Amino acid sequence: MPNVSPDAVPGALSDALPDDLLNSRVINAWVDRLSRFDRDVPDAERIEQLRALERLKSAAAAAQARIAVDLDTSMRAGQAAAGLPAQRQGRGVAAQVALARQESPYRGGRHLGLAKVLVAEMPHTLTALAQGAISEWRAGLLAQETIFLSREHRQLVDAHLCADSSGLAGWGDRRLTGEIRKIAYRLDPAGYTRRRARAESERRVTSRPAPDVMARVTALLPVAHGVAVHAALRKAADTAIAAGDGRTRGQLMADTLVQRVTGQATAAGVPAEIHLIMTDRTLLGEGQGGGEDGGSEQPALLAGYGPIPAGLARRLAVSAAETEVAWLRRLYATPDTGRLVGMDSTRRVFPAGLARFIEIRDQYCTTPWCDAPIRHIDHALPHHQDGATSADNGNGTCAQCNYARQAPGWEIRAEPGPRHSLRITTPTGHGYRSTAPPPPGHPRSERRSPTSPRARRTRGTSSSERPTPDGPANRVR
């Protein structure tokens, strides 16, 4: 790749490339070649390499946007030709985009939405992205902050800020969003006000796992409420510190939040329903840790979070029991594979006990790269095709993934294996395999050497062993 300064003509890099149209084979060859870049270079060239690669990332994002829109247009046309009602056309496209990009369906939907906006309404932003003048994140900010504007007003913002993208050089995200909001408010003050009111109606609280057995609880609040909550917690912490409390301000604010939300006198006595998948010795603290049989220090599974250390699980159970707010649920697994024992039903709707079992077994949505909470218990082989209401044929999904799979051309089938596995085939024939995570305290059912072909294919996926893309179904062994 030639040494090109950031002030050079945007098309300078393309002069060094052939005029042939690109396809997936050529792009994959580029990916392979990126592992062989010249590393024995001066530091100035390393900076140029970083800049060139950043431009390449932006250009690839622009290309993905155009491809995603083409896919959506083509599949909608095919669904219309097949007689699918207009309101159902396009269902499942975002899910296919997400699988191809190895990300959650939510992110796939956001990518497809951004692609449509850039291609149809913000051509200058798309051009700046293709030239590497802005990043995909910045392009997303431009689209998001103008979402309430009419097509004409959005195009005015697009032209004002990105017709000459050099004017954005050196801008941070805060400056960019501030400038967009100022222009948007001048163009449509009433729409800006309506958007603020709608945003207040979408206030919510969410919880996500954090490193080191912590949880991140986030509240999206109107600004006045958010400032008031933080100020009240800080005031309570400052009062405690003045009285000689030895905890830090951050610890005091966190503990005060827990106490006031749960109504407990202390932050320790919090009601909890603990689903423990663990051996008796782990629960009771008996035996020696380590080894194949696990011992007392094998981890437990906390529903809604994931694996936690055995000592923490015992402490949670004891603490909750002492305050009489503990519910312990024990699930048994086969000792050789760790497969959870299931139940069958002849009903279409999964009984509550079986549905809860599937939720605990799957832990989160079974779609590869989607870690959303389970909202639906679905039949892999549909009930109207004589699919059984059973643990083997049942799988937990989020609402978005379940609705996407109702589109024509999707096929979900349970596969035999030591743990519950699904084969997901998309309308384009691409196949993906999803395997339930192994229960804590049990050996993995598949022990592969690091150099085996299958291990090489799955290396780099999450420890839950969820996603295994296999390409078009006619190439799956």
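**Nonpolar patch and salt bridges**

Ile 27 counts as partly exposed because its relative accessibility is 39%, where partly exposed lies between buried (under 20% relative accessible area) and exposed (over 50%), with a 1.4 Å probe and protein chains only. The model is predicted, with local features needing pLDDT of at least 70 and side-chain atom pairs counting only at pLDDT 80 or more, while totals for chains, interfaces and linings use all residues. Residues are numbered from 1 along each chain as its sequence is written, and side-chain values use heavy atoms, without hydrogens and water.

Ile 27 lies in helix 1, helices being DSSP runs (H or I) of at least four residues, numbered from the N terminus. Together with Leu 22, Trp 30, Val 31, Leu 34, Leu 53 and Leu 56, Ile 27 makes a nonpolar surface patch of about 580 Å². Patch residues have over 30% relative accessible area and no salt bridge, and nonpolar side chains are joined within 5 Å; areas follow the Shrake-Rupley method with a 1.4 Å probe. Helix 1 (24–33) and helix 2 (43–81) each supply at least two patch residues, and the largest share, 3 residues, comes from helix 1.

The structure holds 19 salt bridges (a side-chain nitrogen of Lys or Arg within 4 Å of a carboxyl oxygen of Asp or Glu). One of them joins Asp 72 and Arg 76 at 3.0 Å, N to O. These two residues are 4 apart in helix 2, and are therefore separated by about one helical turn. Asp 72 is buried, at 5% relative accessibility, whereas Arg 76 is partly exposed, at 29%. A network of salt bridges links Asp 72, Arg 76 and Lys 116.

Technical notes: Patches are made of residues with over 30% relative accessible area and no salt bridge: like charges are joined within 9 Å, nonpolar side chains (Val, Leu, Ile, Met, Phe, Trp, Tyr) within 5 Å.
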